[in-house]
Amino acid sequence: MSTDIEPMYIDCGKHGKRVAAVLCGHLVKPEGEPLGFIENSSVPNDLQAWCYQCEVVLEEEDGMTERFREFNQMSVVCVNCYEQAAQYHNVD
């Protein structure tokens, strides 16, 4: 995979204009028990992650099926919110 992807930007209400990233809907709020954090891309301008339960559904479905997408509830966030979610939900 190429590492020279052009960044997409989002106007975050908390952090202002930042590079966009993608989280499952379960990771968006840093509250409750940490849910695990599985990063699906290490490309700086293509950050993607989901929780452990999303990984279970992905494996059950053998890929990104409609059931997985509905369960995942993909959310676009800024890179700062992504990093905060990683710190909060990472259980390793």
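## A guided reading of the structure

Guide: Aspartate 62 has its place in the loop between α1 (52-61) and α2; the helices (H or I, at least four residues) and strands (E, at least two) named here are DSSP runs, numbered from the N terminus. This is a predicted model, in which local features need pLDDT of at least 70, side-chain atom pairs count only at pLDDT 80 or more, and totals for chains, interfaces and linings use all residues. Residues are numbered from 1 along each chain as its sequence is written, and side-chain values use heavy atoms, with hydrogens and water left out.

Visitor: Is aspartate 62 buried or exposed?

Guide: Buried means under 20% relative accessible area, exposed means over 50%, and partly exposed lies in between (1.4 Å probe, protein chains only). Aspartate 62 is exposed, with a relative accessible area of 72%.

Visitor: What is the phi of aspartate 62?

Guide: Most residues other than glycine have a negative phi. Aspartate 62 has a positive phi of about 60°, although it is not a glycine. Glutamine 73 is likewise not a glycine, and its phi is positive, at about 50°. Glutamine 73 belongs to the loop between α2 and β5 (75-78) and is partly exposed, with a relative accessible area of 45%.

Visitor: How many aromatic pairs does the model hold?

Guide: Rings of Phe, Tyr and Trp (its six-membered ring) pair if their centres lie within 6.5 Å; planes under 30 degrees apart count as stacked, over 60 as edge-to-face and the rest as tilted. By this rule there are 2 aromatic pairs. Phenylalanine 37 and tyrosine 82 have ring centres 5.4 Å apart and planes at 75°, so this pair is edge-to-face. Because phenylalanine 37 lies in the loop between β2 (16-23) and β3 (38-41), and tyrosine 82 in helix α3 (residues 79-89), the pair ties together parts that are 45 residues apart in sequence. Both phenylalanine 37 and tyrosine 82 are buried.

Visitor: Which residue forms an aromatic pair with tryptophan 50?

Guide: Tryptophan 50 pairs edge-to-face with phenylalanine 68, at 5.0 Å centre to centre and with 70° between the planes. This pair links distant parts of the chain, 18 residues apart: tryptophan 50 is in strand β4 (residues 48-50) and phenylalanine 68 is in helix α2 (residues 66-72). Tryptophan 50 is buried, with a relative accessible area of 8%, and phenylalanine 68 is buried as well, with a value of 2%.

Visitor: Which charged end sits over the ring of tyrosine 9?

Guide: A charge sits over a ring if NZ of Lys or CZ of Arg is within 6 Å of the ring centre and within 35 degrees of the ring normal. Over the ring of tyrosine 9 sits the charged end of lysine 17, 5.2 Å from the ring centre.

Visitor: How many residues does the largest nonpolar core have?

Guide: In soluble globular proteins, nonpolar side chains tend to be buried together. A nonpolar core is a set of buried Ala, Val, Leu, Ile, Met, Phe, Trp, Tyr and Cys residues joined through side-chain atoms within 4.5 Å. The largest one here has 19 residues, and Leu23, Phe37 and Tyr82 have the most contacts inside it. At least two residues of this core come from each of β2, β4, α1 and α3. Helix α3 gives the most, with 4 residues.

Visitor: Which residues of α3 are buried?

Guide: An α-helix has 3.6 residues a turn, so residues three or four places apart point the same way. In α3, the buried residues are Val79, Tyr82, Ala85, Ala86 and His89. Seen down the axis of α3, these residues fall within an arc of 115° (taken from the directions from the helix axis to the C-beta atoms), so they line one face of the helix. They pack against β2, β3, β4 and β5, where contact means heavy atoms within 4.5 Å. Leaving out residues up to four places away in sequence, tyrosine 82 touches several residues, including Leu23, Phe37, Glu39 and Ala49.

Visitor: How many bridges join β3 to β4?

Guide: Two strands pair if DSSP finds at least two bridges between them. Strands β3 and β4 run antiparallel and are joined by 3 bridges. Glutamate 39 has alanine 49, in β4, as its bridge partner. The two strands form a hairpin with 6 residues between them.

Visitor: Where is histidine 15 found?

Guide: Histidine 15 is in the loop between β1 (9-12) and β2. It is buried, with a relative accessible area of 16%. Not counting residues up to four places away in sequence, histidine 15 touches Cys78, Asn80, Cys81 and Gln84.
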